[in-house]
Amino acid sequence: MDRDQNELQFLGFLGVYRETSKIILKWRKIFAQITLTLILPLCVTFLAHSLVSQLLSYKILDHEITRDDTWADDPKYRNLSRTLEKEWIAFWLVRFGYFIFIFIFSLLSTSAVVSTVACVYAAKQVTFKKIMSVVPRVWKRLMVTFFWSFGIFFVYNVVAVGLLIAWLLILRQYSVGPALGIAVAVILLILYVIGFVYITMIWQLASVISVLEDAYGRKAMVKSKRLMKGKMGLSIWCFLGVLVCAVLVQALFECFVVLNFVPIGIKIGAGLICLLLLLMVVLFDLVAQTVIYFVCKSYHRENIDNSSLPDHLEVNLGDCPTEGQKPIQLEQLHA
């Protein structure tokens, strides 16, 4: 890695992706271990939920259509009602279990990958065992940041829905023309997407800050917003690039695995390919988020010193510098 501090801040979209690829390839052994241990269960759960929820949804829809065509006093109607009740319970139980599982493993994966990249940048020897000893402590900080982000997303969506309802009431009350109604609705949608992406960018960087610095929760969100200034465009482009890849993998899985258009053999093969691609996308995304963190720190002329690493990282990764040592400069990260 041959860039100094001044060059790091000038990394663009392709530069961040190139840097991310270099890190993953150079440290592929430990990233493979993290992927198999934490990211694999995450991706398997995601794809399995997509398949199971679709199957349950089709079954529920089919039974509801059949019940609607049946007389209410027919015994078949009561049997279908009981079956639908059980299927809806199963549907929501699967969804609840999915969110819990995804929540836990996403926090664990983020903790492990971010900690690994930080030690790689600090030019310190790191092992899978050391990283896994850090994860149980770091993920609690991430959880606090997640709940703050969730609260912000919740309030944001409530306000957005309120504005939409208010506009619909205005349309009904004052008989606004359809052209104006559609135009305003489109503008509101565009503003909503922009705000949603902005909050997502702040949350992602705040997650990295929660692992590598003493700030978490609200403080991490505030610091993330400050660090993101001047690099928001870069973060958005990197986010959109990963998002496009994830959407393509999901579409491929839906076409070849969920829908019954292909033989079982092709389904299995396509499912394995989708799983492999999703593993690569998730790992790449987590590493790229950490790279963007260091780019933002460089842009704001902030040195990465010992005080920037939380105590539990210093203790568990023992070979990180102590207070008597020279702070880690960004030039060292690419030595």
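1. Largest pocket, volume and centre. The model is a prediction, and the values here are computed from it. Its largest pocket holds about 1,400 Å³ of space. A total of 39 residues line this pocket. Those that lie nearest the centre are Phe46, Ile102, Ser106, Trp203 and Asp285.

2. Largest pocket, contributing helices. Two or more lining residues come from each of α3 (28–68), α4 (75–121), α5 (128–174), α6 (178–212), α8 (232–258) and α9 (264–299). By class, the lining of the largest pocket has 24 nonpolar residues, 13 polar ones and two charged ones.

3. Second largest pocket, volume and centre. The space in the second largest pocket is about 410 Å³. Its lining is made up of 18 residues. Leu279, Met280, Val281, Leu283 and Phe284 are the closest to the centre of this pocket.

4. Second largest pocket, contributing helices. At least two lining residues are supplied by each of α2 (13–26), α3, α8 and α9. Helix α9 gives the largest share, seven residues. The lining of the second largest pocket divides into 15 nonpolar residues, two polar and one charged.

5. Cavities. The model has three cavities of 30 Å³ or more. The largest cavity holds about 110 Å³ of space. Helices α6, α8 and α9 each give at least two residues to the lining of this cavity.

6. Lining of the largest cavity. The residues are Met201, Gln204, Leu205, Met228, Ser235, Cys238, Phe239, Val242, Asp285, Ala288, Gln289 and Ile292. Eight of them are nonpolar, three are polar and one is charged. Asp285 deserves a separate mention: this residue lines the largest cavity, and Asp285 is also among the residues that lie nearest the centre of the largest pocket.

7. Leu212. Is Leu212 buried or exposed? Leu212 has a relative accessible area of 3%, and because the cut-off for buried is under 20%, Leu212 counts as buried. The C-alpha atom of Leu212 is separated by 9.9 Å from that of Tyr293, a residue 81 positions away along the chain.

How values were computed: Residues are numbered from 1 along each chain as its sequence is written. This is a predicted model: local features need pLDDT of at least 70, side-chain atom pairs count only at pLDDT 80 or more; totals for chains, interfaces and linings use all residues. Side-chain values use heavy atoms; hydrogens and water are left out. On a 1 Å grid over the protein atoms alone, a cavity is a set of points where a 1.4 Å probe fits but cannot get out, and a pocket is an open set with protein on both sides within 12 Å along at least five of seven lines; lining residues have an atom within 4 Å of a point. Grid points are joined across faces, edges and corners, and a volume is the space filled by probe spheres set on the points. Helices (H or I, at least four residues) and strands (E, at least two) are DSSP runs, numbered from the N terminus. Ala, Val, Leu, Ile, Met, Phe, Trp, Tyr, Cys and Pro count as nonpolar, Asp, Glu, Lys and Arg as charged, and the others, Gly among them, as polar. Buried means under 20% relative accessible area, exposed over 50%, partly exposed in between (1.4 Å probe, protein chains only).
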